[in-house]
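Trainee: I've got a model open and I'd like to learn how to read it. Can we go through it together?

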Amino acid sequence: MDKPQMIEHLHEAVNYTVYDTKWIPLSAKFVVLGSKPNSQGILDIYELNQEKLEKVKSVTKKSAFKCGTFGASSLRNRHLAVGDFEGRLQVLDLERPDMAVYNVKAHTGIINCIDAIGGTQLDCGAPEIVTGSRDGAVRVWDIRQGQEPVVDISPPPQMGDGINKSASTRRDCWAVAFGNTYNEQERIVAAGYDNGDLKLFDLRALAVRWETTLKNGVCGLEFDRRDIIMNKMAVTTLEGGLLVFDMRTQHPTKGFSWAEERNAGRSVGSNGIIQGPKATVWTVRHLPQNRDVFLTGSGTGSIRLWKYDYPDRRVIENSDGAKEGVAGKLQMVSAVTLSSQPVHSFDWHPDKLGLAVAGAFDQSVRVLITTKLNTL
């Protein structure tokens, strides 16, 4: 057993649908966001207390919570930004969560995804939150600037038979992520959509830097690190797709090179053999202590640990003089089935190597320990 093992340490059943899980910075506590049967939002805070989970706080709100992030908050404040089913963005002080620090009607539809940056990084620009919604819009927020987004990337209004035609042509944004924030000027937002569209928005130039269309809808995406010059971006899709793009070199016509695994969502048998039909890969999360290691959660209830191996040369020069990136290889390190339902949320602890929390659609939250990560 020389390779890393993913072990379920603690298991907590809840009476609501779990949509997101996040560790509270500098603590042994995590937040669970979800929807009660009556569609109210619920926020539970759990603390690791030796060999058990202890619920220390529970907050109910009017509308179900879909996603959350601590990325725009300082370590001192530890404010949680949440998106809900009514399209509202709220920033909550977990010490006093009943009254939001910031509250805005951000979208006309459910906020599917959220990311944030600038809370803890130095010399990387303003603390900002990005939201993606069913209304097709991607919006960037600086809560110090009032109730309007600082950047609004909305689909153009369509000509046709009024509102219904316009709404039907807007793509549902399923995933957003910040990247390339290596100084106070540069910042990029990546967005993935239900039809497979994948776009990079340059916030400094206020322009689309690159776009492509994948075979299936984009469910999850993440840069290996947000606060460096773009290095890699992992993307997961419906039908078992996992792609890792090398973001260091952009060819003028071919774009970015990538490595691909088309069976990343299939189930894992007790013997470790991959089996069954392709399933959605819901989420991807890079290990904070090693950006070349990441985990995916699938619709079969399994999770997989991956390692990206770089090629000998990352760049080649074509006959026309243009530089083109060379993709590496994906290596599956370990896999385990946690649930009979999709594992759709996952968060590594930022400080404790191998400690993680996962949410699944079986109305459960699991604390996991992954061993031997320092050997990869």
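This is a predicted model: local features need pLDDT of at least 70, side-chain atom pairs count only at pLDDT 80 or more; totals for chains, interfaces and linings use all residues.

Trainee: Leaving aside its neighbours within four places in sequence, which residues is glycine 301 in contact with?

Mentor: With that exclusion, glycine 301 is in contact with Val336, Thr337, Leu338, Ser339, Gln341, Pro342 and Val343.

Trainee: And is glycine 301 buried or exposed?

Mentor: Buried means under 20% relative accessible area, exposed over 50%, and partly exposed in between (1.4 Å probe, protein chains only). Glycine 301 has a relative accessible area of 0%, so it is buried. You'll find glycine 301 in the loop between β25 (290–298) and β26 (302–309). Helices (H or I, at least four residues) and strands (E, at least two) are DSSP runs, numbered from the N terminus.

Trainee: How do I read a sheet?

Mentor: Strands of a sheet pair through backbone hydrogen bonds, either parallel or antiparallel. Here, two strands pair if DSSP finds at least two bridges between them.

Trainee: How many bridges join β19 to β20?

Mentor: Five bridges join β19 (residues 232–237) to β20 (residues 242–246). Look for threonine 236, which stands opposite leucine 242 in β20.

Trainee: What about nonpolar cores?

Mentor: In soluble globular proteins, nonpolar side chains tend to be buried together. A nonpolar core is a set of buried Ala, Val, Leu, Ile, Met, Phe, Trp, Tyr and Cys residues joined through side-chain atoms within 4.5 Å. The largest one has 18 residues, of which Leu200, Phe223, Met233 and Phe245 touch the most other members. β18 gives the most to this core, with three residues. Leaving aside neighbours within four places in sequence, phenylalanine 223 has contacts including Ala177, Leu200, Met233 and His286.

Trainee: How much of the whole chain is buried?

Mentor: Of its 376 residues, 53% count as buried. The chain has one helix and 32 strands.

Methods: Residues are numbered from 1 along each chain as its sequence is written. Side-chain values use heavy atoms; hydrogens and water are left out. Contact means heavy atoms within 4.5 Å.
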